[in-house]
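Reader: I am new to this structure and would like to go through it part by part. Please show it, and I will ask as we go.

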Amino acid sequence: MAGKASVVFAHGLWADGSCFNKLVPTLLAEGHEVLSSQHGLDSLEGDVACVTRTINHVPGPVVLVGHSYGGTLITKAGLHDRVGALVYIAALAPDEDETSQGQQDKFPHTPIFDHVEIADDRVWLRESGIGDFCGDLPAEEQKLVLATGAVPVADLFNQQVPGTAWRTKPSWYIVANNDRTVNPDLERAAAERMGAKTFDVDSSHVPMLSHPGFVLDVIRDAARTLEA
């Protein structure tokens, strides 16, 4: 549909592009071109490149949406000239002199870190931790999240590439008040630092799955600013 912004999604850890499946059909029906980046969590540089390729494949202007570690990716890839708006969902948003881990370390660690293990140089979420990740979903959905999640390389959060798109692009931020994966205080501080239009929801770490209508309204708000 002419005049509609495109929407590109970037997923986080223990997830893949399907974590946005409660949003994509509605956005498509409303006339947006939509793609989810399917990055492998093998390196920050490679994941940013994958998001950039995805942006290249849709027309501008683009609303770039990142969940969790996907916020780091949109902070870097969002410098793309087709990107007009950034939407952060319970997301990291490191500044130029920070890594993802460095940003996290400024706040108390969340309960999920008691439920991870490193094997084959990957950071795995144990089944015992799924409640700290998406505990407000029905049990069957929690099992699906655990079964379909991509697993990050162990040093991913300590890697760095340049770029801080939120310094020059308008931003929206969804704070998950009940998050036990990314500290909600980190989320609020990140939103304030970037001067984002901020929305709070009583959600676990995955508002796009537990409160999809709420998240859709925020994405629509960002899209309207590009379509005006």
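Reader: Which strands and helix do the buried residues of H7 pack against?
Author: This is a predicted model, in which local features need pLDDT of at least 70, side-chain atom pairs count only at pLDDT 80 or more, and totals for chains, interfaces and linings use all residues. Residues are numbered from 1 along each chain as its sequence is written, and side-chain values use heavy atoms, with hydrogens and water left out. Helices (H or I, at least four residues) and strands (E, at least two) are DSSP runs, numbered from the N terminus. The buried residues of H7 pack against strand S4 (83–89), helix H4 (100–104), strand S7 (171–176) and strand S8 (197–201).

Reader: Which residues of H7 are buried, and within what arc do they fall?
Author: Buried means under 20% relative accessible area, exposed over 50%, and partly exposed in between (1.4 Å probe, protein chains only). In H7, residues 184–194, the buried ones are Pro184, Leu186, Glu187, Ala190, Ala191 and Met194. They line one face of the helix, because seen down the axis of H7 (taking directions from the helix axis to the C-beta atoms) they fall within an arc of 155 degrees.

Reader: What is found at the start of H7, and which residue follows the helix?
Author: A polar contact is a pair of N or O atoms within 3.5 Å; within protein, one must be able to donate a hydrogen and the other to accept it, and residues adjacent in sequence count only if both atoms are side-chain atoms. At the start of H7, a side-chain oxygen of Asn183 comes to within 2.8 Å of the backbone nitrogen of Asp185. After H7 comes a residue with a positive phi, near 65 degrees: Gly195.

Reader: How many of the residues of S1 are buried?
Author: Both faces of S1 are covered, with Ser6, Val8 and Ala10 buried on one side and Val7 and Phe9 on the other. S1 is therefore largely enclosed by the rest of the structure, the count of buried residues being 5 of the 5.

Reader: Which strands pair with S1, and what is the hand of the crossover from S1 to S2?
Author: Two strands pair if DSSP finds at least two bridges between them. S1 pairs in the parallel sense with S3 (residues 62–67) over 5 bridges, where Ser6 stands opposite Val62. S1 also pairs in the parallel sense with S2 (residues 34–36) over 3 bridges, where Phe9 stands opposite Ser36. A crossover is right-handed if, with the strands pointing away from the viewer, the path from the first strand over the helix to the second runs clockwise; the β-α-β crossover from S1 through H1 to S2 is right-handed.

Reader: How many aromatic pairs are there?
Author: Rings of Phe, Tyr and Trp (its six-membered ring) pair if their centres lie within 6.5 Å; planes under 30 degrees apart count as stacked, over 60 as edge-to-face and the rest as tilted. By this rule the count of aromatic pairs is 4.

Reader: How far apart in sequence are the parts that Phe9 and Phe20 tie together?
Author: Phe9 and Phe20 form a stacked pair, 4.4 Å centre to centre with 20 degrees between the planes. Phe9 is buried at a relative accessible area of 0%, and Phe20 is also buried, at 0%. Phe9 lies in S1 and Phe20 in the loop between S1 and helix H1 (24–29), so the distance in sequence between the parts they tie together is 11 residues.

Reader: How far apart in sequence are the parts tied together by Trp14 and Phe133?
Author: The pair of Trp14 and Phe133 is edge-to-face, at 6.0 Å centre to centre and 80 degrees between the planes. Trp14 is buried at 9% relative accessible area, and Phe133 is buried at 3%. Since Trp14 lies in the loop between S1 and H1 and Phe133 in helix H5 (residues 130–134), the parts are apart in sequence by 119 residues.

Reader: Which residue of S6 is the bridge partner of Ile118?
Author: S5 (residues 116–119) and S6 run antiparallel and are joined by 4 bridges. S6 (residues 122–125) has Val123 and Leu125 on a covered face, and Arg122 and Trp124 on an uncovered one. The bridge partner of Ile118 in S6 is Val123.

Reader: Which backbone nitrogen does the side chain of Glu98 reach?
Author: Glu98 is in the loop between S4 and H4 and is buried, with a relative accessible area of 5%. The side chain of Glu98 reaches, at 2.8 Å, the backbone nitrogen of Asp95.

Key. Contact means heavy atoms within 4.5 Å.
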